[in-house]
Amino acid sequence: MASLAIRVKSKNGQQLLKDLTSESTVGELKMYLSSVTNVSCERISVLLGYPPKPLDIGNDEKKLSEIGLKSGETLIIEEKSVPATETSTQAINKKPVENGIAPHEPKDPCRPGILMKKVVPSDNSCLFTSIGFVLNGNVDTTVHTLMRQIIGMEVAGDQETYNEAMLGKPNAEYCAWIQQPSSWGGAIEVAILSRFYGIEMAVVDTLNAIINRFGEDKNYGQRVFLLFDGVHYDPLYLEQSDGGIQTVFPAEDMDIYKEAEQLAKEAKSSRQFTDLNKFTLKCMICQKLLTGQVEAQKHAKETMHTNFGEV
């Protein structure tokens with residue numbers, strides 16, 4: 001029996017649940033949720049749908065199919081009120097991590113330091129590696145696999161929105177394409193991941209000296225910055241005086257936003273961007289060198305080769 005694909009949102013971030021089936025029991029679901037949220041089974045509260053409504057998980061013996069849980073659903077996990085017997089000290093010491101983002105201590109408004117670029121590999125997954133860095137504070141070149149799965153699930157689940165006109169190819173073809181490590185991410189993928197992680201993603205476009213904000217209409221409380229030169233993405237971070245880094249900023253922090261705007265202007269004036277008509281690619285199948293986006297597209301059409309690497 002096929003596994004269910006269910007998104008789980010909690011104070012510890014977001015996970016993709018794929019280990020249970022419709023024949024699994026409520027008890028098994030609660031044990032899984034407890035393991036990823038650090039909330040005891042007895043105090044787990046599950047909300048489902050929009051607007052979110054409580055899901056009946058009172059009977060541990062019921063199957064997930066019996067409580068109406070289907071693949072593609074999003075579960076919001078909350079913790080029931082702390083019993084009076086639990087001390088206030090215990091409650092104070094609980095520091096939730098939101099939306100899968102590693103905690104970053106807020107900085108003083110008069111912060112020292114400067115917004116800097118962290119260079120990530122040019123391996124066709126630079127967007128996903130960059131997003132992983134701003135969310136978790138480290139370069140992990142394997143995060144693209146999960147992010148591609150998240151995007152594919154979102155697109156496949158909303159074929160009306162993600163139609164051929166938007167995607168540039170049929171929905172099913174896109175879902176297969178985005179899973180390939182050779183496929184580049186762009187605006188569609190940033191928008192989906194911004195919504196999934198519940199955080200605004202500000203893309204500093206050095207080609208046009210502007211910032212494109214994804215999720216700005218959602219009133220998210222936090223913002224991260226990515227640098228885009230026309231082809232390649234890198235994450236931006238603030239290096240702190242103690243050697244630490246800050247990658248997640250309050251959405252109301254306009255000082256850091258203005259720094260990012262200034263960075264975009266300076267990069268354009270010094271031509272720190274990639275001209276899409278002149279950058280060089282190599283076909284990873286036949287090793288042919290190609291100049292510019294148009295030449296690469298023509299080669300792909302003629303040979304059906306779609307695996308390109310940046311040179």
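Me: Why is Cys 175 called buried?
Reply: Cys 175 has a relative accessible area of 13%, and buried means under 20%, whereas exposed means over 50% and partly exposed lies in between (1.4 Å probe, protein chains only). The value of 13% falls under the cut-off, so Cys 175 counts as buried. This is a predicted model, in which local features need pLDDT of at least 70 and side-chain atom pairs count only at pLDDT 80 or more, while totals for chains, interfaces and linings use all residues. Residues are numbered from 1 along each chain as its sequence is written, and side-chain values use heavy atoms, with hydrogens and water left out.

Me: What makes helix 3 largely enclosed by the rest of the structure?
Reply: Helices are DSSP runs of H or I with at least four residues, strands are runs of E with at least two, and both are numbered from the N terminus. Helix 3 has 11 residues, of which 10 are buried, so the helix is largely enclosed. Among the buried ones are Cys 126, Phe 128, Ile 131 and Leu 135.

Me: Why is a group of residues called a nonpolar core, and which members of the largest one touch the most others?
Reply: The name applies to a set of buried Ala, Val, Leu, Ile, Met, Phe, Trp, Tyr and Cys residues joined through side-chain atoms within 4.5 Å. The largest such core has 33 residues, of which Ile 131, Ile 151, Val 155, Leu 193, Tyr 197 and Met 201 touch the most other members. At least two residues of this core come from each of several elements, including helix 3 (126-136), helix 4 (143-156) and strand 7 (200-205). Helix 3 gives the largest share, seven residues.

Me: How do you know what span to expect for helix 4?
Reply: The expected span of a helix is 1.5 Å times one less than its number of residues. Helix 4, with 14 residues, reaches 20 Å from its first C-alpha to its last, close to the 20 Å expected.

Me: What makes two strands a pair, and in which sense does strand 5 pair with strand 1 and with strand 3?
Reply: Two strands pair if DSSP finds at least two bridges between them. Strand 5 (residues 74-79) pairs with strand 1 over three bridges, in the parallel sense, and Val 8 has Leu 75 of strand 5 as its bridge partner. Strand 3 (residues 44-48) and strand 5 have five bridges, in the antiparallel sense, with Val 46 opposite Ile 77.

Me: What is the mean pLDDT of the chain, and where does pLDDT stay under 50?
Reply: On the pLDDT scale, the predictor's confidence in each residue from 0 to 100, the mean of the chain is 79, and 76% of the residues reach 70 or more. Residues 82-112 stay under 50, and over residues 271-277 the pLDDT is also below 50. Where pLDDT is low, the predicted coordinates should not be read in detail.

Definitions and conventions:
Contact = heavy atoms within 4.5 Å.
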